[in-house]
Amino acid sequence: MHDDDLMDRLLRDAMASEPPQLSPGFDARVLRRVRARRLTQSGRWLIAAYAVVACVVTAWLMRDLPVTAIVAALVMSVPIAAGTRAYARRIALAD
Amino acid sequence: MGAEQASYAAQADEWLVERCLAAVDEAAFAELVRRYRSLVFRLAVSILGQEFVPEAEDVAQDVMVRMHGALASFRGEAKFGSWIYRIAFNHALNVKARVRYRAPHVSDDLLATRASADRGPEEQLQHDRRTRAVHDCIAELPEVYQSALRLHYWLGTSVSDIAAMLDAPENTVKSYLHRARQLLHAMLAQRGFDAR
């Protein structure tokens, strides 16, 4: 018998144990974890309302500042916000 | 199976992804989980090995949760299956690097399941030693060979399914299996075992 056929037979014999199965309730556990990560409807509304109020208040507070100061504030805050968002997404994907 | 579930079962993966994203449709996500859970679990267990089945289940669960979080980044350039298998493969490799030095859950029990009444004690001992040597040698092969071998010989996965899971053409998978058998033959001979 050819070596490859012998190895084929040997592997079938060595790996003949019962293949494992997923435990019952796997789907339910996944859905529970996914639901826990999702914001509720009221949570989403709260965050959207906060964002709108924060934008309005910031614009009102900065109304008398020179343009250079506004640009400097945006240059500092936008990358920080984008970085924080990217980091939060990475954490969400890693857990 | 409910009417809604039955209608989802007939839909393409891409349609289900769109439903998940546009309508936050839990039934569509549940259908994706139902469709891929076993294959993702098989892929994970083929990478982690027979001693780490509970870890493989954790990997499958993590992959499903990650899939949910990353659906928006699925652009449809590759097949949905290839995308999720890639996530599973990478995550299983990371977990393997962490659990490698932990004591396995099963070792002798695994061998004991193969005990045969037809063999005498001496022959059984020889058989168990050779089986253990085979498993040890498999663990020393490149990851992709290990995975292909376990999927094919242990989990009974077809070559076409292995090709989809490893994102490789079927002929490449066949050559993985052939090359893995050659390497194993040489490794076993080095350890003083004959394939006969």
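H3(B) passes H5(B) in a right-handed crossing, right-handed meaning that the near helix is turned clockwise from the far one by less than a right angle, and left-handed anticlockwise. Helices (H or I, at least four residues) and strands (E, at least two) are DSSP runs, numbered from the N terminus. This is a predicted model, in which local features need pLDDT of at least 70 and side-chain atom pairs count only at pLDDT 80 or more, while totals for chains, interfaces and linings use all residues. Residues are numbered from 1 along each chain as its sequence is written, and chains are lettered from A and ligands numbered from 1 in the order in which they are written.

H3 covers residues 26-48 of chain B and H5 covers residues 80-99 of chain B; their axes lie 9 Å apart at an angle of about 35°. Axes are lines fitted to C-alpha atoms, for helices over the stretch in contact, and angles run from 0 to 180 degrees between N-to-C directions. On the H3(B) side the contact includes Tyr36(B), Val40(B), Leu43(B) and Ala44(B), and on the H5(B) side it includes Ile84(B), Ala88(B), Phe89(B) and Lys96(B). Contact here means C-beta atoms, placed from the backbone, within 7 Å. By class, the residues of this contact are 13 nonpolar, no polar and one charged (Ala, Val, Leu, Ile, Met, Phe, Trp, Tyr, Cys and Pro count as nonpolar, Asp, Glu, Lys and Arg as charged, the others, Gly among them, as polar).

Ala88(B), Val40(B), Leu43(B) and Ala44(B) are among the residues that touch the most other members of the largest nonpolar core, which has 54 residues. Such a core is a set of buried Ala, Val, Leu, Ile, Met, Phe, Trp, Tyr and Cys residues joined through C-beta atoms within 7 Å. H3(B) gives the largest share of this core, 13 residues.

Asn171(B), in helix H10 (residues 170-190) of chain B, is exposed because it has 10 C-beta neighbours inside 10 Å (buried is 20 or more other C-beta atoms within 10 Å, exposed 12 or fewer, partly exposed in between, with C-beta atoms placed from the backbone).

Chain A has four helices and zero strands, and 6% of its 95 residues are buried. Its contact with chain B takes 26 residues from chain A and 36 residues from chain B. H1(A) supplies the largest share of the chain A side, nine residues.

Key:
Two residues are in contact if their C-beta atoms, placed from the backbone, lie within 7 Å.
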